[in-house]
Amino acid sequence: MPAERRKAVDAVLAWSAVQQALPGRLRPCANPECRRFLLERSRTNKARWCSMAVCGNRMKARRRCRRTCDAAAE
Ligand SMILES: [Zn+2]
């Protein structure tokens with residue numbers, strides 16, 4: 001089997017394993033520019049980013065920027 005094909009199969013298998021082990025805990029990242037998925041591990045089930053360090057901070061920074069930039073524009 002070609003390596004690329006193999007990778008795709010592995011991804012699908014991993015996906016279904018997660019869905020069985022943790023139903024409803026796999027969802028798309030809340031960052032619309034991000035195409036990754038996050039795996040919810042906390043009990044609160046409120047994670048929104050695939051990675052707090054990457055998308056979480058980026059989206060927070062953007063929100064902060066929007067406020068600052070809007071204020072600066074007025
Ligand atoms: Zn993300």
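**L38 and its surroundings**

Leaving aside residues up to four places away in sequence, L38 touches R27, C29, A47, W49 and C50, where contact means that two C-beta atoms, placed from the backbone, lie within 7 Å. L38 sits in strand β2 (residues 37-39). It is buried, with 21 other C-beta atoms within 10 Å; a residue is called buried if 20 or more other C-beta atoms lie within 10 Å of its own, exposed if 12 or fewer, and partly exposed in between. P28 is 10 residues from L38 in sequence, and their C-alpha atoms are 6.1 Å apart in space.

This is a predicted model, in which local features need pLDDT of at least 70 and side-chain atom pairs count only at pLDDT 80 or more, while totals for chains, interfaces and linings use all residues. Numbering starts from 1 along each chain as its sequence is written. The pLDDT, the predictor's confidence in each residue from 0 to 100, averages 82 over the protein chain, and 88% of the residues score at least 70.

The protein chain has 2 helices and 2 strands, arranged α-β-β-α from the N terminus on. These elements are DSSP runs, with helices (H or I) of at least four residues and strands (E) of at least two. Among them, α1 has the highest mean pLDDT (88) and α2 (residues 52-73) the lowest (76).

Of the 74 residues in the protein chain, 5% count as buried.
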